[in-house]
Amino acid sequence: MTDLPLLQIPGWQQFPWLRHGFATRVGGVSTVYGKNSLNLGWTAEDDPEAVRENRRLLVNATCTEDSLDRGMKLVTVRQIHSNHIHSIEAGDAFAGKLETSEGKAVLEGDGLITNDAGVLLAAGTADCAPVLIVDPHLRAAGAFHAGWRGTAARIVERGVEKMHQQYGSRSEHLLAAVGPSIGSCCYTVGEEVRDKFEEEFSYGAELFEIVLDASNKRSFKLDLWKANQQQLAAAGLRPENITIVGQCTACTLDSSGEARYFSHRAQAGRTGRMLNVVGIARSL
Ligand SMILES: [Zn+2]
């Protein structure tokens, strides 16, 4: 058995039907990004067989040993930094309608929601924020990919809205977690990004720290965690129901001094992808 560390939200473990987790780069069979790495994305450098095996290991690590549970179907989308969200039916996933014969995603967008048991919704990241949302009352869940573009386009706010429209979820019942992603410590962005957030959100300016370099040139550091936290709160979630995992994908190291996460910025674009998953078990 491979040791695949999966980050979980402690308070979410009280729901026996809920499956969730945030992957790190550790515990897989890929070798292109260092040995035993858990690359879960179809990157140009990696062997698709290794990615398939890593995905299988992730499902196993997320689920119990019950065979129905182990058979949960992973659903991904081709991410495009949008605010487009798909409502997923387990029947379509199991009929193979949501992926190609090679297992690649068919749908385009950046959010997935479901209230069907048996599917494990996934958001792929390597710095962007993965946001998982759970409705423990009505048993529904969502996974969202929120980089600065998706965040500025209010993807999680739209996710909360869409869970309400489709499943009747009430925002005050929802639990949300913003997973490992680039922290403001490492996330310098251009002035146009700051302008965009200031235009879009009344609290936009609070999300940035201004940094001056030696020649007095200004740059801006964006707090993507706070941006999504604020947005979830504005969508009606209770502050105590929003968890920020708070690990920066660009600078967090594991105990042996190696990078814990894949990071587009820290590894200059040549890197793998994590998957961040949530779903409802079939076995309970
Ligand atoms: Zn950092």
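The model being predicted, local features were kept only at pLDDT of at least 70 and side-chain atom pairs only at pLDDT 80 or more, while totals for chains, interfaces and linings use all residues. Residue numbers start from 1 along each chain as its sequence is written, and side-chain values rest on heavy atoms, with hydrogens and water left out.

Take the zinc ion to begin with. Its protein donors are the SG atoms of Cys 185, Cys 186, Cys 248 and Cys 251, lying 2.3 Å from the ion. Donors here are N, O and S atoms within 2.8 Å of the metal (3.2 Å for Na, K and Ca), and with water not among the atoms, sites may look incomplete. The four donor atoms subtend angles of 104 to 115° around the zinc ion, which makes the arrangement tetrahedral; that label asks for all angles between 85 and 135 degrees with four donors. For reference, the ideal angle for four tetrahedral donors is 109.5 degrees. Along the chain the donors follow the spacing C-C-x61-C-x2-C. Cys 185, in the loop between β10 (175-178) and β11 (188-189), and Cys 248, in the loop between β14 (242-244) and β15 (274-280), sit 63 residues apart, so the pair links distant parts of the chain. Strands (E, at least two residues) and helices (H or I, at least four) are DSSP runs numbered from the N terminus. Cys 185 is partly exposed at 44% relative accessible area, whereas Cys 248 is buried at 4%; buried means under 20%, exposed over 50% and partly exposed in between, with a 1.4 Å probe and protein chains only.

Next comes β15. Seven of its seven residues are buried, so β15 is largely enclosed by the rest of the structure. Met 274, Asn 276, Val 278 and Ile 280 point one way from the strand, and Leu 275, Val 277 and Gly 279 the other way. β15 runs antiparallel to β2, joined by five bridges, with Phe 22 opposite Asn 276. It also runs antiparallel to β7 (residues 119-125), this time over six bridges, and there Leu 120 stands opposite Gly 279. Two strands count as paired if DSSP finds at least two bridges between them.

Elsewhere, six strands make an open sheet of mixed pairing, in the order β5-β6-β9-β8-β10-β14. β5 (85-87) and β14 stand at the edges with a single partner strand each, so one side of each is left without a neighbour in the sheet. Inside this sheet, β6 (residues 111-114) and β9 (residues 140-146) run antiparallel over four bridges, and Ile 113 faces Gly 142.

β12 and β13 form a hairpin with five residues between them, and Asn 216 in the turn has a positive phi of about 65°.

Lastly, helix α7 (residues 224-234) has Leu 224, Trp 225, Ala 227, Asn 228, Gln 231 and Leu 232 buried. Seen down the axis, these fall within an arc of 165°, so they line one face of the helix; the arc is taken over directions from the helix axis to the C-beta atoms. Gly 236, with a positive phi near 110°, follows α7.

Definitions and conventions
Tetrahedral: all angles 85-135°; square planar, octahedral: opposite > 155°, others 65-115°.
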